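Biologist: I would like to learn how to read the features of this structure, one at a time. Please give the general idea, then the case at hand.

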Amino acid sequence: MKIEVGELLVSSYLNHVEQCKIVQTNWRVSGNWKYGQIDIKWAEEKLNDIKNNHLLSKIFRDNSFEQLIKQSEIDVIGLNTNENTVYAYDIAFHSMGLNYKGSEETSEIVVKKILRAVFTLKIYFPEFDKIESYFVTPKANKKIDSLINLYLNEANKIINLSSINIGYISNDNFFETIVDSVIESSKNENDTSE
């Protein structure tokens with residue numbers, strides 16, 4: 001059995017820090033699920049806005065909306081029923097730092113994962129008031145960090161909903177936000193699986 005340390009860490013974070021009562025790793029969409037037309041219309045419109053944006057147009061290239069949703073996979077999903085919030089976290093735990101195919105393509109891949117999760121959660125979890133979609137990594141170079149944050153700032157302008165938060169957590173912020181929070185919040189927990 002392969003153990004994904006990053007996914008387990010984020011699972012603990014969602015459970016103990018964000019107080020999600022339900023947490024699942026490697027969450028995927030089923031082709032049998034139904035969704036509401038209002039939410040899918042919003043998501044399709046936002047995808048088109050992103051495809052037509054000068055800065056973000058390369059992120060989704062030729063992906064159709066149906067293909068994008070069908071391929072959706074989220075590393076860790078959490079449901080906080082008290083705050084009516086659904087969380088999506090993707091994580092890259094690369095020993096040499098975040099790098100899929102070079103700085104620009106890596107940045108596009110990260111932002112694509114964040115936005116795909118937003119669209120997917122919006123249409124499959126319409127009963128939730130808030131959506132939080134993040135990509136986290138313990139190590140990334142400054143160029144990748146800068147590009148991702150630039151793309152996310154532009155994407156935030158397009159999404160423009162206070163009920164949807166998108167973000168990227170890396171380097172020292174990863175350890176402060178994720179690792180330190182998990183250690184502090186789980187001091188009195190006795191779950192040896194964590």
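Biologist: Which residues does Glu 108 touch, not counting residues up to four places away in sequence?

Modeller: Contact means heavy atoms within 4.5 Å. On that rule Glu 108 touches Lys 58, Ile 59, Arg 61 and Tyr 151. This is a predicted model, in which local features need pLDDT of at least 70 and side-chain atom pairs count only at pLDDT 80 or more, while totals for chains, interfaces and linings use all residues. Residues are numbered from 1 along each chain as its sequence is written, and side-chain values use heavy atoms, with hydrogens and water left out.

Biologist: With which side chain does the side chain of Glu 108 make a polar contact?

Modeller: A polar contact is a pair of N or O atoms within 3.5 Å; within protein, one must be able to donate a hydrogen and the other to accept it, and residues adjacent in sequence count only if both atoms are side-chain atoms. For Glu 108 the partner is the side chain of Arg 61, at 3.2 Å.

Biologist: Is Glu 108 buried or exposed?

Modeller: The terms rest on relative accessible area: buried is under 20%, exposed is over 50%, and partly exposed lies in between (1.4 Å probe, protein chains only). Glu 108 counts as buried because its relative accessibility is 5%.

Biologist: In which helix is Glu 108?

Modeller: Helices (H or I, at least four residues) and strands (E, at least two) are DSSP runs, numbered from the N terminus. Glu 108 has its place in helix H5.

Biologist: What do Ser 103 and Val 118 look like by the burial rule?

Modeller: Ser 103 is buried, at a relative accessible area of 19%, and Val 118 is buried at 0%. Leaving aside neighbours within four places in sequence, Ser 103 is in contact with Asn 141, Lys 143, Ile 144 and Leu 147. On a like count, Val 118 touches Trp 42, Ile 131, Ser 133, Ile 164 and Ile 166.

Biologist: How do H5 and helix H6 cross?

Modeller: Two packed helices are described by the angle between their axes and the distance between the axes. Axes are lines fitted to C-alpha atoms, for helices over the stretch in contact, and angles run from 0 to 180 degrees between N-to-C directions. The axes of H5 and H6 (residues 142-159) come within 9 Å and cross at roughly 35 degrees. A crossing is left-handed if the near helix is turned anticlockwise from the far one by less than a right angle, and right-handed if clockwise. The crossing of H5 and H6 is right-handed. By class, their contact has eleven nonpolar, three polar and three charged residues. Here Ala, Val, Leu, Ile, Met, Phe, Trp, Tyr, Cys and Pro count as nonpolar, Asp, Glu, Lys and Arg as charged, and the others, Gly among them, as polar.

Biologist: At what angle do H1 and H7 pack?

Modeller: The angle is about 65 degrees, with the axes 9 Å apart, and the crossing is left-handed. This contact has seven nonpolar, five polar and no charged residues. On the H1 side the residues are Leu 9, Ser 12, Tyr 13, His 16 and Val 17, and those they meet in H7 include Phe 174, Ile 178 and Val 182.

Biologist: How far apart are the end C-alpha atoms of helix H1?

Modeller: The expected span of a helix is 1.5 Å times one less than its number of residues. H1 has 13 residues (5-17) and should therefore span 18 Å; its end C-alpha atoms are 17 Å apart, which agrees. Just after H1, Gln 19 takes a positive phi of about 60 degrees.

Biologist: What covers the buried residues of H1?

Modeller: The cover includes strands E1 (22-28), E2, E3 (85-91) and E4 (130-137), together with helix H7 (171-185). Among the buried residues of H1 are Gly 6, Glu 7, Leu 14 and His 16.

Biologist: Where is Ser 72 found?

Modeller: Ser 72 is in the loop between helix H4 (65-70) and strand E2 (73-80). Ser 72 is buried, with a relative accessible area of 3%. A polar contact of 2.9 Å joins its side chain to that of Thr 120.

Biologist: In which strand does Tyr 134 lie?

Modeller: Tyr 134 lies in E4 and counts as buried at 18% relative accessibility. Its side chain makes a polar contact with the side chain of Glu 132, at 3.2 Å. Tyr 134 and Tyr 87 are 47 residues apart along the chain, and their C-alpha atoms are separated by 8.1 Å.
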